[in-house]
Amino acid sequence: MAKWSIASYNRFLGRSMTRYGLERKQAAQMYREMRGKLGKPAFRADIKNHPRIAKKASERALAKVHPPRKIIGGGPGKPPEIELPEEFEELEDFDQEAESSEEGGMYE
């Protein structure tokens, strides 16, 4: 058996991208699936030697579409509105009282 290297991985990705029209991320997913099915590192020749496994892996890689992430809040540019509990309002009043007492201090 040939010795696996990162060049083997890159050659596998290149072959799967040209043969099945995959993007690099999808080709990497195909590699992971083929490696799992074969139980050993996958090589470029495995695409030709195991056509059924390769075709199924490429179809699954093409089908894996991640849904867009949900944006919390009102949309882009709008921060989400947060309701503060009453405890925080009391603390804000306390901070304002402390600031006003510092202004008219005895050291002026």
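Me: Before we look at this predicted model, what does exposed mean?

Reply: A residue is exposed when its relative accessible area is over 50%, and buried when that area is under 20%. On one side of helix H4, Arg52, Lys56 and Ala63 are exposed.

Me: Which residues of H4 are buried?

Reply: Those are Ala54, Ala57, Ser58 and Ala61.

Me: How do you know that the buried residues line one face of the helix?

Reply: Look down the axis of H4: the buried residues fall within an arc of 100 degrees, so they line one face. They pack against helices H1 (6–20), H2 (24–38) and H3 (44–49).

Me: Okay, on to the rings. Why is the pair of Tyr9 and Tyr31 called edge-to-face?

Reply: Planes over 60 degrees apart count as edge-to-face. The planes of Tyr9 and Tyr31 sit at 90 degrees, with ring centres 4.9 Å apart, so this pair gets the name.

Me: What makes Tyr31 count as buried?

Reply: The cut-off is under 20%, and Tyr31 has 4% relative accessibility, so Tyr31 counts as buried. Tyr9, at 18%, counts as buried too.

Me: What about Phe12 and Tyr31, which kind of aromatic pair do they form?

Reply: That pair is edge-to-face, with 75 degrees between the planes and 5.2 Å centre to centre. Phe12 lies in H1 and Tyr31 in H2, so the pair ties together parts that are 19 residues apart in sequence.

Me: Which residues do the ring pairs link into a cluster?

Reply: Tyr9, Phe12 and Tyr31.

How values were computed: Residues numbered from 1 in each chain as written. Predicted model: local features only at pLDDT ≥ 70, side-chain atom pairs only at ≥ 80, totals over all residues. Heavy atoms only, no water. Buried < 20%, exposed > 50% of the residue type's maximum accessible area, 1.4 Å probe, protein only. Helix = DSSP H or I, 4+ residues; strand = E, 2+ residues; numbered from the N terminus. Arc of directions from axis to C-beta. Contact = heavy atoms within 4.5 Å. Phe/Tyr/Trp six-rings, centres within 6.5 Å; stacked < 30°, edge-to-face > 60°.
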